[in-house]
Amino acid sequence: MAFTKILVPTDFSPNAKEAVRMAVDVAKRYDASLCLIHVFQSVAYLLPEGFVMQSSVQLTDILDDLEKMVRSEKADAERAGVLRVDAELVEGVPASEIVRYAKDKGCDLIVMGTHGRTGITHALMGSIAEKVVRTSECPVLTIRDLGRAAV
């Protein structure tokens, strides 16, 4: 199977950076384009007084920082030899937005890191990668957190 458009969602963690490196390698082998995205959720807190959200200044600062980080990932992929790289921020629930983005943009492979959570942490936090694997219409290559791998 030849891949033409590869989606790499990133949370900028070391594991996500490894997924970007892997996606760059696959993109170069198949002369595929790369789509780098970071999915963010606006945070609201429920307090006795009501909901509290970030101020517009705080949100602007956060989005500026995220934009710089995603542009940096794009520049790294281009320096590594990928000819066509798009990068953008997407707002929403991460797993759902990753799957939607892949379908809407015609991606034929998703490469993403997984944090390898187990036990109660996995039960409480769930796994974005697991949800993407279960719901994606295209193949998903997950890159395991090698720092936690059993030897």
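The exercises below examine a helix, the cysteines and the nonpolar cores of a predicted model.

The model is predicted, so local features need pLDDT of at least 70 and side-chain atom pairs count only at pLDDT 80 or more, while totals for chains, interfaces and linings use all residues. Residues are numbered from 1 along each chain as its sequence is written, and side-chain values use heavy atoms, with hydrogens and water left out.

**Exercise 1.** Determine the span of helix α3 and state which elements its buried residues pack against.

*Solution.* 
Step 1. Helices (H or I, at least four residues) and strands (E, at least two) are DSSP runs, numbered from the N terminus.
Step 2. Helix α3 covers residues 94-105, which makes 12 residues. The expected span is 1.5 Å times one less than the number of residues. From first C-alpha to last, α3 reaches 16 Å, close to the 16 Å expected.
Step 3. Buried means under 20% relative accessible area, exposed over 50%, and partly exposed in between (1.4 Å probe, protein chains only). In α3 the buried residues are Pro-94, Ala-95, Glu-97, Ile-98, Val-99, Tyr-101 and Ala-102.
Step 4. These buried residues pack against β1 (5-9), β2 (33-40), β5 (85-91), β6 (109-114) and α5 (128-135).
Step 5. Gly-106 follows α3 and has a positive phi, near 70°.

**Exercise 2.** Describe the largest nonpolar core and the surroundings of Leu-34.

*Solution.* 
Step 1. A nonpolar core is a set of buried Ala, Val, Leu, Ile, Met, Phe, Trp, Tyr and Cys residues joined through side-chain atoms within 4.5 Å.
Step 2. The largest core has 18 residues, of which Ile-6, Val-8, Leu-34 and Val-111 touch the most other members.
Step 3. At least two residues each come from β1, α1, β2 and β6, and α1 gives the most, with six.
Step 4. Contact means heavy atoms within 4.5 Å. Leaving aside neighbours within four places in sequence, Leu-34 is in contact with residues including Ile-6, Val-8, Ala-23 and Val-82.
Step 5. Apart from this core lies another, of 16 residues, among them Ala-95, Tyr-101, Ile-110 and Cys-138.
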